[in-house]
Amino acid sequence: MDSNVRPDSMARITTKELADAFIAEQVEAVRAQVGDKKVLLALSGGVDSSVVAALLIKAIGKQLVCVHVNHGLMRKNESENVIEVFKDGLDANLIYVDATDRFLDKLVDVSDPEKKRKIIGAEFIRVFEEEARKLDGIDYLAQGTIYPDIIESKKGIKAHHNDGGLPDDMKMELVEPVKFLYKDEVRVVGEALGLPHNMVYRQPFPGPGLGVRCLGAITRDRLHALREADAILREEFDKNGLAEKVWQYFIAIPDMKSVGQRNEKRYEGWPAIIRAVNTKDAMTATIEEIPYAVLHHITNRITREVEGINRVLYDITPKPTGTIEWE
Ligand code: XMP
């Protein structure tokens, strides 16, 4: 049988009991596969890599080496949260790399979205490779591959089995304990492993991070404003019960300024654009109604609290014709 096909006999994991049974089975399988060898994992803080990390820590403890690369395009407190949950909470063997300057220096004056994506992706692999080369005796590479990744790579939609993009001399055997699970099953397993609810149910966040929301050529001051405005939006969505109702919500900031006023003085600033969409598969998306009072409050907070922003706009374009992201 093709080892990349989900067995028909596999029941969907919908409850804590089924998740516990899956975890017990995988703990045994991972121990049998890797013995006393070491395993490397790129831990982004996303759902899939976080669940794999927690599962492997349970199975092999400090034999797992996690590398978290902060590319400087994370949302507010995200890297801190990864350290808190995994290093402080689970006592993980975690290497934290703050590569902010490397990424942002490479991105200076680059305004084309696809070029930005390529630079971020390539630099990520380079940083990860450098960290991997510093380590001795690593035989396995863990990946948060899930079943839709396998299906998409089979159909030729998305390349996936690329060993994290590492060069040929560093190819390692893969450990992919959640490769037959769908996203909602990964979440049930994550909760059963004790990961925080907000980590397991977090909204999708693109690999290039805030890089594709700081529109055009990224500057540090505009990126900072974006991060702060996005944190306010998330806080208000949480407080007003919208985080559970809206699939993806964020701020994008274009590379343009308009005239405004602050403290009775002329104040030129960027507009913050709110995007909040609902979808099942991200192929099409609809606009969720946000109560007007919440929009007012968010606008007040962002324009008062965030340096550099003087207007807030609300994008009510469905997909199509818009895409979810602006870039
Ligand atoms: P669009 O903008 O194409 O987005 O409607 C659909 C979904 O994909 C996410 N997205 C990305 N995810 N790397 C990712 O990992 C990317 O470069 C990327 N671009 C878009 C987007 O956030 C939305 O959920």
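How far does a polar side-chain atom of Lys319 lie from an oxygen atom of the ligand? I looked it up: 2.6 Å. I count a polar contact as a pair of N or O atoms within 3.5 Å.

Note on the source: this is a predicted model, where local features need pLDDT of at least 70, side-chain atom pairs count only at pLDDT 80 or more, and totals for chains, interfaces and linings use all residues. Residues are numbered from 1 along each chain as its sequence is written, and side-chain values use heavy atoms, with hydrogens and water left out.

Next I checked Gln248. An N or O atom of its side chain sits 2.8 Å from an oxygen atom of the ligand. Gly207 uses its backbone: an N or O atom there is 3.1 Å from a ligand oxygen. The protein covers 68% of the 500 Å² of accessible area that the ligand has on its own (Shrake-Rupley method, 1.4 Å probe).

Last, I turned to the second largest pocket. I define a pocket on a 1 Å grid over the protein atoms alone, as an open set of points with protein on both sides within 12 Å along at least five of seven lines; lining residues have an atom within 4 Å of a point. About 350 Å³ of space lies in it, a volume filled by probe spheres set on the points. I found 18 lining residues, with Phe22, Glu25, Gln26, Pro177 and Phe180 nearest the centre. Helix α1 (residues 16-34) gives the largest share, eight residues; helices are DSSP runs (H or I) of at least four residues.

Notes. Polar contact = N/O pair within 3.5 Å; in protein donor to acceptor, adjacent residues only side chain to side chain. 1 Å grid on protein atoms, 1.4 Å probe; cavity = no way out; pocket = protein on both sides within 12 Å on 5 of 7 lines; lining within 4 Å. Helix = DSSP H or I, 4+ residues; strand = E, 2+ residues; numbered from the N terminus.
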